[in-house]
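Biologist: I have a structure open and would like to go through it with you. Can we take it piece by piece?

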Amino acid sequence: MEENWKDYYHKGLAVFFTVAMCILFFFLIFRLDQIGAHARMVMRILRPFAFGAVIAYLLSPLCNHFERYLAEVSNLEKRSEDTAKKLKKLFAAVSIFLSLFLFCFVIYVLVAMVVSQVFSSVKMLADAMPGYILTVTNWLEDLVKEDAFMINYVEQYSEQILTGMQDFAKTQLVPNINNIISGSSVSLLTFLLTAKDLVIGLIVAVYFMNSRKLFARQAKLVVYAMFPPRENLKEDQMQPADWILKEADIINDYLGGFIKGKLLDSLIIGLICMVFTSIVDMPYAVLVSVIIGVTNIIPFFGPFIGAIPTAVLILMVDPIKCIYFIIFILVLQQFDGNILGPKILGNTTHLSSFWVLFAILLFGGLFGIVGMVIGVPVFAFFYQLVREWVLGRLKKQRLKKEMLEAEKSVS
């Protein structure tokens, strides 16, 4: 009787959870917009923690390097236990401070270069714009100077451009100046909110970096608690928890190695571009070099994303140097793709060009610029999982075939 009651209890519980999950599923479908709004609100609140986690992840190798260097310099192994413990805490704090200082210094230098160059570039473009229009008009007039009808058309077209700009200033710019100011205020507010999140993110990054080893140990404990050891495993099989930790190490190697190597690669490319543009006296040399270096972080499409707007800027000042710049970018990207990039990254992803393009398009469409950056190593991880599964299945099939052939030969 008691066994029947337990059986009914378990069946009823299963039915209850099944109905509850169906109701929850339909509720999620019909309330998808509201749930999405709440999810975006939660993500906006937690954005400083995301910034802090990313900063801490990128700076952890640098922090570990500082800790090892300080430990070697101070001969930490020869110290007493109490002294070594105190020095470890001191070295950890110093390492975190040095890592964050270098990070903030690099960001400050980049922002200072870009902002000053943008202001000077915008001012130069504004001053030179009438000259550009006049140059294009004269070029068109020389092109059709033997055709009187076309000359009148070109003069009329240029006059319409100037008249249109004046009308725009009188009828659109001045009356809507309040809207423009309010739009600028919204942009300024967005910038200030992002800056606030970055500042909080830096504080969060300190806590992440200070507790990174503790978090790693806790994560391992959670994995072992959720996936207890299984008995009767074959010799070539791993415990579930060990397999999860092994795959986590692999994706960390893929993602961390790719991003850090790509940052170093982009820094070198930006410096090479700055040297070239400075030697040939290229206009907007600093701005062009920073854009080329930053966009080079994006695999495959990065060089084109950075080269197109910078080439347009140079074209408006000096068309001949624009041609030189395009040739230089093509040579530079060949050098980066075939020599420098593989040397730094070590071909860690092991993906063909087709799958690299596929990963960039897929993750870029889903997550934007961030997806284009992390898409290749993340896709490489899933590619490696599928590859391991396929090879494992083929190995089992080969073993079964060999066993069958051995049985036939014995019989």
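Biologist: Is E247 buried or exposed?

Modeller: This is a predicted model, and in it E247 is buried, with a relative accessible area of 3%.

Biologist: Which side chain does E247 meet in a salt bridge?

Modeller: K246, with an N to O distance of 3.5 Å.

Biologist: How many salt bridges does the structure hold?

Modeller: Seven. One of them joins E67 and R212, with 3.1 Å between the closest N and O atoms. E67 lies in helix α3 and R212 in helix α7, so this pair ties together parts that are 145 residues apart in sequence.

Biologist: Are E67 and R212 buried or exposed?

Modeller: E67 is buried, at 15% relative accessible area. R212 is buried too, at 16%.

Biologist: New topic. What is the secondary structure?

Modeller: Twelve helices and zero strands. The protein has 411 residues, and buried residues make up 25% of them.

Biologist: What volume does the largest pocket have?

Modeller: About 2400 Å³. It is lined by 49 residues, and the closest to its centre are L58, F103, I107, L263 and I297.

Biologist: Which helix gives the largest share of that lining?

Modeller: α8, with twelve residues. Helices that each supply at least two lining residues include α3, α4 and α12.

Biologist: What classes of residue make up the lining?

Modeller: The lining of the largest pocket has 41 nonpolar, six polar and two charged residues.

Biologist: Back to I107. Where is it placed?

Modeller: I107 is in helix α4. Its relative accessible area is 39%, so I107 is partly exposed.

Biologist: Which nonpolar surface patch is I107 part of?

Modeller: One of about 930 Å². Among the other residues that make this patch are L90, V94, F97, F101 and V111.

Note on methods. Residues numbered from 1 in each chain as written. Predicted model: local features only at pLDDT ≥ 70, side-chain atom pairs only at ≥ 80, totals over all residues. Heavy atoms only, no water. 1 Å grid on protein atoms, 1.4 Å probe; cavity = no way out; pocket = protein on both sides within 12 Å on 5 of 7 lines; lining within 4 Å. Points joined across faces, edges and corners; volume = space filled by probe spheres on them. Helix = DSSP H or I, 4+ residues; strand = E, 2+ residues; numbered from the N terminus. Nonpolar A, V, L, I, M, F, W, Y, C, P; charged D, E, K, R; others polar. Patch = residues over 30% accessible without salt bridge, like charges linked within 9 Å, V, L, I, M, F, W, Y side chains within 5 Å. Areas by Shrake-Rupley, 256 points an atom, 1.4 Å probe, with all protein chains shown as cover. Salt bridge = Lys/Arg side-chain N within 4 Å of Asp/Glu carboxyl O. Buried < 20%, exposed > 50% of the residue type's maximum accessible area, 1.4 Å probe, protein only.
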